[in-house]
Amino acid sequence: MAKDPVRVLVTGAAGQIGYALVPMIARGVMLGADQALILHMLDIPPAAEALNGVKMELVDAAFPLLKGVVATTDVVEACTGVNIAVMVGGFPRKEGMERKDVMAKNVSIYKAQASALEQHAAPNCKVLVVANPANTNALILKEFAPSIPAKNITCLTRLDHNRALGQISERLNVQVFDVKNAIIWGNHSSTQYPDVNHATVLTPAGEKPVRELVTDDEWLNGGFITTVQQRGAAIIKARKLSSALSAASSACDHIRDWVLGTPEGTWVSMGVYSDGSYNVPAGLIYSFPVVCSGGEWSIVQGKAEHPRTRF
């Protein structure tokens, strides 16, 4: 039986991450190969022409799952009826700007988008904030959309989680699919804590702890952590542009696992509204290990062996 189309909003859709993300969604990477969808793309008026170009390319690609495209600069039109919202758009930090200046700009952006989502999105709309500072932007959105359930507003730390898996995979020369259960604690920033104390690798002899296989605590407690923390900066240095392909892919992973569920015995990292677990104050948006089932996430308990909880 054919599924009804799901409406997926991508803000900042004409930008780098948006351009990488929308074809992944249209191809079924986010919601599965049997889920039809309608893409809603929002960007600012100066990007309207580029946004229309992205729409033309989506039409030209003839994605079988894509049943419609809404490309607009009107926030109400963009948010109407959406089931999933991926908030990629935000004011970028420019040379000479302090973080507080960026946050002030993003308050006005996210206030308008939060209001539109609250009033016009479908009931139980799931929200993923990608734009940095992601944790802060998610909290801003939550404050200005109080009727959206707290559990439905999340931010992206899956990119950091995947970076951790990738580093272990390269270090051990194993398939990244065989590495699981790393944890990202805290913010999507250089203050995050990548934790492999519970991570395992599937070997011919069964699952083995990462620490047992790597046998180099100096690297795991030093170089590994700083590499994951500073990977975004390293990519900017190499590309002269920020992470786009990997951010888009991780956003798909985040939503897919949230909607379709995590595999048995596997957890992932998501920035979610704290319930007080691990002594993290309730109400903060913080990255925890989570499992997902039935479209809901829950924090995995009993895994706090990291040196300190970071805020």
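**Rings, charges and a strand**

Mentor: Gladly. The charged end of R171 sits over the ring of W219, at 4.3 Å from its centre. Keep in mind that this is a predicted model.

Trainee: Which residue lies over the face of W297?

Mentor: Look at the ring centre of W297 and go 4.4 Å from there. The residue over that face is K151.

Trainee: How is the aromatic pair of W185 and Y278 classed?

Mentor: The search of the whole structure finds 4 aromatic pairs. In this one, W185 and Y278 are 4.8 Å apart, centre to centre, with 75 degrees between the planes. Planes over 60 degrees apart count as edge-to-face, so the pair of W185 and Y278 is edge-to-face.

Trainee: How many residues apart are W185 and Y278?

Mentor: W185 belongs to strand β8, whereas Y278 is in the loop between β12 and β13. The pair thus links distant parts of the chain, and the separation is 93 residues.

Trainee: Is strand β1 largely enclosed or open?

Mentor: Count the buried residues in β1, which spans residues 6-11. Because 5 of the 6 are buried, the rest of the structure leaves β1 largely enclosed.

Trainee: Which residue in β2 is the bridge partner of L9?

Mentor: Strands β1 and β2 pair in the parallel sense over 6 bridges. In β2, L9 has as its bridge partner H40.

Technical notes
Residues numbered from 1 in each chain as written. Predicted model: local features only at pLDDT ≥ 70, side-chain atom pairs only at ≥ 80, totals over all residues. Heavy atoms only, no water. Phe/Tyr/Trp six-rings, centres within 6.5 Å; stacked < 30°, edge-to-face > 60°. Helix = DSSP H or I, 4+ residues; strand = E, 2+ residues; numbered from the N terminus. Lys NZ or Arg CZ within 6 Å of the ring centre and 35° of its normal. Buried < 20%, exposed > 50% of the residue type's maximum accessible area, 1.4 Å probe, protein only. Pairing = 2+ DSSP bridges.
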